[in-house]
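The following note sets out several points on the packing of secondary-structure elements. Please read it alongside the sequence and the model.

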Amino acid sequence: MIKKIIVGQSGGPTAVINSSIAGVYKKAKELGVETVYGMVYGIEGFLKENIIDLDDYFKDNDNYELLKRTPSAFLGSCRFKLPKFEDDQAVYEKIFEILDKYEIDALFYTGGNDSMDTIKMLADYAALNNKRQLFMGVPKTIDNDLPITDHCPGYGSAIKYVATSIKEVIRDNASFGINKPTVLIVEIMGRHAGWLTCGAALAKGNDCEGVDAIYLPEEDFDMDEFKARVNNLVATKKSVVIAISEGIHDKDGKFICEYGDSDRAVDAFGHKQLSGSAVTLANIINKETGLKTRAIELSTLQRAATHIASLTDIEEAEGSGAAAVQAVFEGKTGMMATIMRVNNNPYTVNYEVYDIHNIANVEKKVPIEWIDSQNKQMKQEYLDYARPLIMGELTPIYENGLPKHIVRK
Ligand code: F6P
């Protein structure tokens with residue numbers, strides 16, 4: 001019998017990560033769970049018994065609706081890698097001691113591939129040590145690089161923001177038609193997978209000429225090719241807008257952002273901080289051509305833009321949270337909820353769960369066959385994949401002219 005559960009948030013936030021915990025909370029309450037705890041600052045906070053009762057916030061339906069419209073991780077997040085069992089048994093003993101103390105039957109964790117490692121480690125430890133608790137992952141990442149699931153909650157909203165912003169800056173950059181064009185380079189997050197940068201392709205439509213080139217980490221970046229392309233574009237166009245991924249690298253694996261500054265901080269999972277590629281390229285082009293250049297780093301704006309979140313994404317984040325709870329009620333553990341596309345037109349999905357061992361720490365890249373390498377554009381296959389994910393809006397609740405959020409006390 002599942003009576004008490006806990007949910008935590010981990011890794012970089014998204015515009016809809018709170019909808020995932022909304023889904024967990026709502027489904028758990030529907031199924032008769034007495035207490036839904038939240039861990040504050042993920043597993044790192046849990047180890048310090050930083051635990052709250054979500055009833056204190058979300059029994060009130062107005063707060064629940066606000067939660068879905070609030071960016072960032074409501075509970076707080078962390079980047080914390082659980083050690084190998086043999087390296088630090090005490091951490092696991094502590095986690096299970098706290099789970100027992102609070103009589104927690106199941107633990108849910110929303111996150112990307114690194115965070116799913118936490119679910120894998122805890123489920124494996126429980127299996128090896130005859131622990132009764134169940135562990136379930138809820139997918140989340142703007143990077144969209146989790147395997148098995150068709151796509152990840154957070155991605156649709158992030159590309160909706162990216163494509164919208166790019167449409168807007170393309171109009172701005174096209175304003176000055178008589179002088180030589182400004183070369184605008186837009187840097188988009190996503191680490192080693194270019195999914196989020198591909199979203200720039202969605203800007204193209206009847207009212208927008210689209211970006212002039214898209215550079216993804218799935219292909220080696222060739223500086224000479226880039227310079228030649230920019231020179232060709234400025235010879236014929238009034239505006240040049242190029243989308244690049246923060247993770248672009250040369251054929252030797254050196255990140256382009258390291259051309260400017262090679263001293264990079266590394267997080268708990270060994271990931272280098274990658275920002276700065278757009279500034280590096282804009283400076284190179286400006287120096288070598290004398291053209292006016294601008295670098296735009298969408299940075300955290302692209303994962304915090306809940307005001308323009310995709311309703312499809314919000315609903316799927318809630319749906320994944322609910323599917324994870326349902327699975328635990330069926331006795332499942334060591335799995336992650338997945339979104340499986342059934343149909344593209346009309347777009348429909350099913351929710352399933354899948355073995356975490358095939359998911360944790362695995363990065364899914366953009367299929368090479370979806371990339372038009374010659375023209376540095378995305379092929380129709382990508383557009384067909386991505387378009388349904390950005391559909392629909394959930395109007396913010398405004399206060400004093402700005403979207404209102406719910407903040408943990
Ligand atoms: O994994 C999500 C993500 O937003 C990546 O796209 C990005 O590289 C990284 O997190 C940034 O991490 P942080 O906010 O910790 O610098």
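1. The model is a predicted one. Strand β7 and strand β8 (residues 240-245) run parallel and are joined by three bridges. Within this pairing, Ile-214 has Ala-243 of β8 as its bridge partner.

2. Helix α9 (residues 223-236) packs on the sheet, where it touches β6, β7 and β8. The direction of α9 makes about 155° with that of β8.

3. The sheet itself is open and has four strands, in the order β7-β8-β6-β9, with parallel pairing. Strands β7 (213-215) and β9 (293-297) stand at the edges; each has a single partner strand, so one side of each is left without a neighbour in the sheet. From one strand to the next, the twist averages 20°.

4. A further helix, α7 (residues 155-173), lies across β6 (183-188), β8 and β9. Relative to β6, helix α7 runs at about 170°.

5. A separate point concerns a pair of helices. Two packed helices are described by the angle between their axes and the distance between the axes. For helix α1 (residues 17-30) and helix α4 (residues 61-68), the axes come within 7 Å and cross at roughly 145°.

6. Which residues form this helix contact? On the α1 side they are Asn-18, Ser-19, Ile-21, Ala-22, Gly-23, Tyr-25 and Lys-26, and these meet Tyr-64, Leu-67 and Lys-68 in α4. By class, the contact of α1 with α4 comprises five nonpolar, three polar and two charged residues.

Note on methods
Residues are numbered from 1 along each chain as its sequence is written. This is a predicted model: local features need pLDDT of at least 70, side-chain atom pairs count only at pLDDT 80 or more; totals for chains, interfaces and linings use all residues. Side-chain values use heavy atoms; hydrogens and water are left out. Axes are lines fitted to C-alpha atoms, for helices over the stretch in contact, and angles run from 0 to 180 degrees between N-to-C directions. Helices (H or I, at least four residues) and strands (E, at least two) are DSSP runs, numbered from the N terminus. Contact means heavy atoms within 4.5 Å. Ala, Val, Leu, Ile, Met, Phe, Trp, Tyr, Cys and Pro count as nonpolar, Asp, Glu, Lys and Arg as charged, and the others, Gly among them, as polar. Two strands pair if DSSP finds at least two bridges between them.
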